[in-house]
Amino acid sequence: EELFSVRMRAAKGGAHERGSTHVSGGEMLAAYSDIQQAVMYLLEKGLVHSKGKPDFMQIQFECIEEPAKRVEPLSVTTNKVKSAKEGRALAWSLLEQSGIPRNIIDEADRLVSQYSSMRGAMLIDVHSGKRLDDRGEKGVRASRMDWQNGHYEKWAGCHHMPLHSRIKEALALATKVCEHRVAVAELCWSDDPDYITGYVASKTLGYQRITQLKEYGDEQGCRIFFIDGKEDVDSYIHYLEHQPVMIQW
Ligand code: PML
């Protein structure tokens with residue numbers, strides 16, 4: 001069946017990315033018959049659930065040529081911690097369990113902290129600790145992943161998880177990122193100052209939520225993809241940006 005990518009971007013301060021503030025965005029994968037529903041959903045997301053009232057919004061859809069890969073979501077564990085310090089320590093130990101040396105994790109953390117805001121992820125070589133993408137402050141943005149219509153709601157009901165679009169999107173992203181053979185693990189927390197839960201994800205550990213990875217009020221986010229196989233970094237970036245992945249449960 002033909003698949004469409006439906007995307008929304010909302011901003012404050014005009015249409016141009018430079019000089020305006022991103023207030024909301026989203027992408028869905030939809031069959032032709034579901035495009036209208038997807039547009040309505042994204043319109044509401046941008047109007048009602050933005051950080052601040054947007055003065056610019058763009059919604060577009062396009063047909064995707066590549067057939068979608070169908071994948072089951074990573075298994076989810078929620079780790080309750082009492083402080084950001086305890087959360088970071090747990091995250092670091094989960095990354096070490098995935099085979100990443102501590103000095104490489106520290107180096108990756110140092111590299112991400114140099115940017116006050118990155119829209120996408122930084123790709124880090126697990127052997128050298130060097131950054132593998134050349135995207136600067138933009139980073140690499142994984143896109144073209146979504147849940148099959150209705151499957152998240154079914155999954156969330158069974159796992160006693162809230163119907164937050166945030167968790168829905170983060171789990172779809174982590175599942176796509178970890179599905180590729182060069183991926184070792186992902187480390188993520190939000191740049192939203194009001195959201196302190198983050199996660200470590202890998203194919204073997206699953207999606208390990210950690211209830212506090214930073215302090216409230218902190219606008220510094222983090223998204224690192226740890227990679228083993230630097231010769232394949234271009235094909236991995238192509239996969240992250242273009243390969244459609246449909247999460248099924
Ligand atoms: C979750 O609660 O599982 C989502 C954590 C990551 C959120 C990332 C983001 O919103 O930027």
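Student: What is the order of the strands in the open sheet of six strands?
Tutor: This is a predicted model, in which local features need pLDDT of at least 70 and side-chain atom pairs count only at pLDDT 80 or more, while totals for chains, interfaces and linings use all residues. Residues are numbered from 1 along each chain as its sequence is written, and side-chain values use heavy atoms, with hydrogens and water left out. Strands are DSSP runs of E with at least two residues, helices are runs of H or I with at least four, both numbered from the N terminus, and two strands pair if DSSP finds at least two bridges between them. With mixed pairing, the six strands of this open sheet follow the order 5-10-9-8-11-6.

Student: How many bridges join strand 8 to strand 11?
Tutor: Strand 8 covers residues 183-189 and strand 11 covers residues 222-227, and the two run antiparallel. Within this pairing, Cys 188 stands opposite Arg 223 of strand 11. The number of bridges joining strand 8 to strand 11 is six.

Student: At about what angle does helix 2 run to strand 8?
Tutor: Helix 2 (residues 84-97) lies across strand 5, strand 8, strand 9 (198-202), strand 10 (206-210) and strand 11. Axes are lines fitted to C-alpha atoms, for helices over the stretch in contact (heavy atoms within 4.5 Å), and angles between N-to-C directions run from 0 to 180 degrees. On that scale, helix 2 runs to strand 8 at about 170 degrees.

Student: Which residues of helix 2 are buried?
Tutor: Buried means under 20% relative accessible area, exposed means over 50%, and partly exposed lies in between, with a 1.4 Å probe and protein chains only. What covers the buried residues of helix 2 includes helix 3 (102-113), strand 8, strand 9, strand 10 and strand 11, whereas Lys 85 and Gln 97, on the other side of helix 2, are exposed. The buried residues are Ala 84, Gly 87, Ala 91, Trp 92, Leu 94 and Leu 95.

Student: How many residues of strand 1 are buried?
Tutor: Strand 1 (residues 3-12) pairs in the antiparallel sense with strand 2 (residues 21-31) over 10 bridges, and nine bridges join strand 1 to strand 3 (residues 56-64), again antiparallel. Strand 1 is mostly covered, and of its 10 residues the number buried is seven.

Student: What is the relative accessible area of Ala 68?
Tutor: Ala 68 is found in the loop between strand 3 and strand 4 (69-71). Not counting residues up to four places away in sequence, Ala 68 touches Leu 3, Gln 243, Pro 244 and Met 246. Ala 68 counts as partly exposed, because its relative accessible area is 24%.
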